Amino acid sequence: MSAASTTGQIADPVREAHRRRTFAVISHPDAGKSTLTEALALHAKVISEAGAVHGKGGRRGVVSDWLEMERTRGISITSAALQFEYDDCVINLLDTPGHSDFSEDTYRVLSAVDSAVMLLDAAKGLEPQTLKLFDVCRHRGIPVITFINKWDRPGREALELCDEVQERIGLRPMPLTWPVGESGRFHGVLERSSGEFVGYERTTHGATIAAENRLPPDEAQAEVGEDWDRAVEEAELLSASGGDFDAEAFYAATATPVLFGSAVRNFGIGQLLQQLVALAPRPEPRADVRGEPRELDAPFSAFVFKVQTGMDPSHRDRVAFARVCSGAFERGMVVTHAATGKPFGTKYAQHVFGQQRDTLDLAYPGDVVGLVNATALRVGDTLYTGKPAVEFPGIPSFAPEHFAVVSTTDPGRSKQFRRGIEQLSQEGVVQVLRSEKRGESAPVLAAVGPMQFEVAMHRMENEFRAPVRMERLSYSVVRVLGDDSQRSMADSRRSEVLDRDDGTPLVLFANEHEMRTMQRLHPELELRPVVGDDS
Ligand code: G4P
């Protein structure tokens, strides 16, 4: 599965970076993300039969959906990277959680990708989850390729779906293929660059790669008739209305190439892969905290975008996922942990995708390195070799909207309770807020979505064996207290001041009205939005 680990000798990092395409799929649950992941891997021949990547619906659960809770809730919380080679490129597909309650995790993953594939269900179009995730892409300026899925069954009109993308998220659609025949009565697609027809041939529920049946326009007309004429007419209309591909607009994230297909039937997947290879941006020098770009051929550097414990239930080990930004990573090398200045050994470097793990020997810019038992590493940390030191900007925290006081119901487990809370905080499962008033035994957990509390509770009980009680607080609005000396002013009957684990003092209010009232009463109070608020 690992493309980088089989190469042996260290190669030129710049040339290797240029071969990398690192992206994530964003979609609403059930749009077909797992199926698409399988189909992409199948095309790259990583797995021989669809169903080996995700374990839903009775399919073989070889690689992901490992956690019991993920399985029962049909969501995927863990993030990891699937790597495969395609057409002399190395594709890194980073997994994102399948629920908006985990959009903070998605944000972290999206900080590690160079592009995203927005997957839409042809019958549903843009759904709330997709909108929220797309906002994260917009916030980060990530170029987006759109794949309209499930074209094998009845859905909405192609033009209507494109209009929706334009109107609701402001991305100009640039269809690269255009469906011939409406959804559910689908013959194939018109490939706009060549004008050729790519016919759709049924496979048995996606078990094999669908054969590509290509025909020139006149033969397509003879075979498909009216539906071909209509597709040609609509494609001409697209050209007249600004729907032709414009690379600059794509890289500026103001327009999106669109493809149509069916993940479960493996149709359109080859085209998507080809476009990822041809269009998706490759790794570029990343700016450090001073805004200086770290060149791709500079000594090794990487930043941690995800920390996850218990991915293998039998080991309960902790894996920190780092994206390589420059240089070559060689397993066993000793790197510097920028946050502490301490050396950090990398003997246990792995490729991790769900339950599947391979030793990773070499990695290049764009690749993801899983560092096992990296207890010192936190989300946002930088690792590097050589001089001078480098540090990449941290990953901002979202403004939480849900709050709960947590305490253990078993006083004999208070040590495990504290350890568990610390761990969840370091992984970013929830934010942990503390104050003298509440004490160490009853911190406040803060979350973007309430399902994060469920995960925290589940893990406290099952992993740390510290049964907990959670009491929801009626706060929903949070601001950063700009001036620490105003603490007593901000702590009132209508608000509470708590410290985030990075030391930032936060003020919690029941609602916007309460916050505005507070500001009227104390105009000198310095309240700032939490970074990441607008995403
Ligand atoms: P997710 O990860 O985004 O949540 O979606 P997933 O891939 O699990 O797909 C959700 C459902 O949609 C699955 O059906 C899957 O088979 C179906 N699906 C995915 N792509 C296509 C497609 O191109 N066409 C059609 N017709 N269906 C598609 P399910 O009944 O929930 O599961 P299963 O029993 O089929 O595995």
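N266 counts as buried, with a relative accessibility of 3%, where buried means under 20% relative accessible area, exposed means over 50% and partly exposed lies in between, computed with a 1.4 Å probe on protein chains only. The model is a predicted one, in which local features need pLDDT of at least 70 and side-chain atom pairs count only at pLDDT 80 or more, while totals for chains, interfaces and linings use all residues. Residues are numbered from 1 along each chain as its sequence is written, and side-chain values use heavy atoms, with hydrogens and water left out.

N266 sits in the loop between β11 (255–260) and α10 (269–279), and its phi is near 60°, a positive value in a residue other than glycine. Most residues other than glycine have a negative phi, and most peptide bonds are trans. A cis peptide bond, with omega about 0°, joins K387 and P388, and P388 is found in the loop between β23 (382–384) and β24 (402–408).

## The chain as a whole

The chain contains 14 helices and 31 strands, and 58% of its 535 residues count as buried. Taking contact to mean heavy atoms within 4.5 Å, residues 24 or more positions apart account for 71% of those contacts in the chain that have a separation of 6 or more.

Helix α2 (residues 33–43) is largely enclosed by the rest of the structure, because 11 of its 11 residues are buried.

Helix α12 (residues 451–462) has 12 residues and reaches 16 Å from its first C-alpha to its last, close to the 16 Å expected at 1.5 Å a residue; the expected span is 1.5 Å times one less than the number of residues. In α12, the buried residues are M451, Q452, F453, V455, A456, R459 and M460.

## Nonpolar cores

A nonpolar core is a set of buried Ala, Val, Leu, Ile, Met, Phe, Trp, Tyr and Cys residues joined through side-chain atoms within 4.5 Å. The largest one in this model has 71 residues, and those with the most contacts inside it are L36, L40, L94, V117, L272 and F305. Helix α10 supplies the largest share of this core, 6 residues. At least three residues of the core come from each of domain 1 (13–279) and domain 2 (286–384), whose bounds come from an automatic or database domain assignment.

Leaving aside neighbours within four places in sequence, V117 is in contact with F23, A24, V25, I26, L36, I145, F147, L272 and L276. Another core, of 24 residues, lies apart from the largest one and has A122, A235, F260 and F267 among its members.

## Residues from a record

An unreviewed UniProt entry lists D95, T96, P97, G98 and H99 under "binding site"; UniProt positions are given in the numbering used here, feature names are shortened, and annotations may be inferred rather than shown by experiment. D95 lies in the loop between β3 (89–94) and α4 (103–110), and D95 counts as buried at 7% relative accessibility. The side chain of D95 makes a polar contact with the side chain of K33 at 3.5 Å. A polar contact is a pair of N or O atoms within 3.5 Å; within protein, one must be able to donate a hydrogen and the other to accept it, and residues adjacent in sequence count only if both atoms are side-chain atoms.

T96 has its place in the loop between β3 and α4, and T96 is buried at 1% relative accessibility. The side chain of T96 reaches the backbone oxygen of V25 at 3.0 Å.

## A strand residue

V180 belongs to strand β7 (residues 177–180) and counts as buried at 0% relative accessibility. Not counting residues up to four places away in sequence, V180 touches several residues, among them R185, F186, H187, V224, W228 and A231. V180 and V198 are 18 residues apart in sequence, and their C-alpha atoms are 9.2 Å apart in space.

Conventions:
Helix = DSSP H or I, 4+ residues; strand = E, 2+ residues; numbered from the N terminus.
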